[in-house]
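Visitor: Please take me through the charged side-chain pairs of this protein. I would like a close look at where they sit and how open their surroundings are.

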Amino acid sequence: MKTLRIALLLIVVLVVAAVALAWPRAEHIPSSSPAAYALNTANIERGAYLARAGDCIACHTARGGVAYAGGRALDTPFGRFYGPNLTPDKETGIGDWSADDFWNALHNGIARDGRLLYPAFPYTNYTKVTRADSDALFAYLRSLAPQRQPNRPHELGFPYDSQALLAGWRLLYFRPGVHEAQPARGAEWNRGAYLVEGLGHCSACHSTRNRFGANTEGLDGGLIPTLGWYAPSLTSGSEAGLGDWDREHIVALLGAGISPRGSATGPMAEVVARSLQHLTPDDLGAMASYLQSLPATPAQRPDRAPPADEQVLLEGRRIYEASCAQCHGDDGRGKLPAYPPLAGNRAVTLSPAVNAIRMTVNGGFPPGTEGNPRPYGMPPFGHELDDAQVAAVLSWIRASWGNAAPPVTAVEVNRYRAITGD
């Protein structure tokens with residue numbers, strides 16, 4: 001019993017030490033002056049642009065709800081989170097917050113009342129946002145009409161509802177700090193790095209996560225937990241990355257949702273529609289330049305895929321010619337803006353093949369944007385094709401017109417149907 005008590009005491013000491021060590025890492029950068037967050041036209045317009053760049057509306061607006069009034073659910077492996085009310089309502093929103101309170105939440109992940117915020121709010125990225133941009137964002141949010149909508153409590157089970165455990169997580173995985181420019185890289189590269197790493201929080205989806213929900217370094221892609229979509233690599237050197245893309249094709253995909261190399265679908269379609277299409281061409285170009293500068297990790301250079309069974313490929317070709325060629329062409333080149341190409345389209349050659357499986361089974365639409373105001377949809381084939389047929393046609397597509405991706409199996413199709421409820 002004495003040994004057990006000592007062990008429990010040591011655990012308590014370690015937890016307390018983690019809590020004590022997690023809090024002091026908060027840092028404060030003062031505002032330049034009250035004019036930086038004053039409710040004037042310049043600040044509000046700048047803040048509105050930054051809010052779109054950060055896609056704040058996505059998590060802080062319930063389906064069919066008032067913009068920024070909170071309530072949207074975000075499911076994670078650890079429980080369900082709800083985006084809080086960001087309107088200037090004094091009781092349920094941020095009406096009583098100061099610019100320092102807002103900065104502390106954005107930069108340090110600490111709420112106005114001192115609670116540690118969960119990293120479902122991506123302060124691990126937003127910590128790189130400058131104080132000037134934080135103040136402009138605060139001015140914009142204060143300019144909104146107040147909406148009295150109480151915040152819903154997160155639905156987390158033990159031990160994920162513990163502030164002590166969260167403090168330990170921060171000790172391991174969070175360091176506050178603004179973006180540091182690299183003068184040798186030039187202004188465009190630095191602007192792209194700031195948007196991608198900070199406000200755009202691209203790593204929230206486009207990097208793998210460990211068992212504790214922390215992002216790994218880099219933008220080498222990963223399966224988005226609970227959503228069942230794969231966010232591809234954004235680095236330049238990987239076969240699935242952006243290295244061989246023309247810069248204007250990256251800009252087109254980010255800004256319009258379509259390009260000669262593919263279309264934005266799934267969660268990325270919403271990001272383009274609500275956020276990226278509203279950025280300036282210069283900012284989109286800066287993001288493209290930064291992304292194309294990122295090297296791939298060794299794990300992103302897979303060996304050439306083994307060929308699929310010949311009979312499977314013959315069946316896949318038959319299905320393609322009967323059901324797909326009318327839109328995507330015998331040569332797989334498609335016809336923009338209506339029908340995206342399949343030749344050289346990383347959306348259909350990614351591994352795992354979950355995105356291609358979902359699009360084949362369920363269909364889907366690219367986003368409606370100013371650059372593509374009337375998007376054409378992909379019809380669903382899940383009611384016509386069984387798992388083996390879906391696998392066959394995708395295996396043929398992934399091995400044709402210069403594509404060299406691994407074949408898809410019926411087991412994979414069945415597994416992803418089960419994961420996504422399709």
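Guide: What follows goes through the salt bridges one by one, then turns to a helix and a surface patch. Keep in mind that this is a predicted model.

Begin with the total. The count comes to 17 salt bridges.

Start at Arg 80. Its side chain meets that of Asp 75 in a salt bridge, with N to O at 2.6 Å. How open is each partner? Arg 80 has a relative accessible area of 32%, so it counts as partly exposed. Asp 75 is at 35% relative accessibility, so it too is partly exposed. Both values fall between the cut-offs of 20% for buried and 50% for exposed.

Next, go to Glu 91. Its side chain forms a salt bridge with that of Arg 148, N to O 2.8 Å. This pair links distant parts of the chain, 57 residues apart. Glu 91 lies in the loop between strand S2 (79-82) and helix H4 (99-108). Arg 148 lies in the loop between helix H6 (131-143) and strand S3 (155-156). Glu 91 is exposed, and Arg 148 is exposed as well.

Now look at Arg 131 and Asp 100. They form a salt bridge, and their closest N and O atoms are 2.8 Å apart. Here two helices are linked: Arg 131 is in helix H6 and Asp 100 is in helix H4, 31 residues apart. Is Arg 131 buried or exposed? Its relative accessible area is 6%, so Arg 131 is buried. Asp 100 has a relative accessible area of 37%, so it is partly exposed.

One group goes beyond a pair. Arg 72, Glu 270 and Arg 274 are linked in a network of salt bridges.

Turn now to helix H7, residues 163-173. At its start, a side-chain oxygen of Ser 162 reaches to within 3.2 Å of the backbone nitrogen of Ala 164. Which residues of H7 are buried? They are Leu 166, Ala 167, Gly 168, Trp 169 and Arg 170.

Leu 172, Tyr 173 and Phe 212 make a nonpolar patch of about 320 Å². Phe 212 instead lies in the loop between helix H9 (203-206) and strand S4 (222-223).

Key
Residues numbered from 1 in each chain as written. Predicted model: local features only at pLDDT ≥ 70, side-chain atom pairs only at ≥ 80, totals over all residues. Heavy atoms only, no water. Patch = residues over 30% accessible without salt bridge, like charges linked within 9 Å, V, L, I, M, F, W, Y side chains within 5 Å. Areas by Shrake-Rupley, 256 points an atom, 1.4 Å probe, with all protein chains shown as cover. Salt bridge = Lys/Arg side-chain N within 4 Å of Asp/Glu carboxyl O. Helix = DSSP H or I, 4+ residues; strand = E, 2+ residues; numbered from the N terminus. Buried < 20%, exposed > 50% of the residue type's maximum accessible area, 1.4 Å probe, protein only. Polar contact = N/O pair within 3.5 Å; in protein donor to acceptor, adjacent residues only side chain to side chain.
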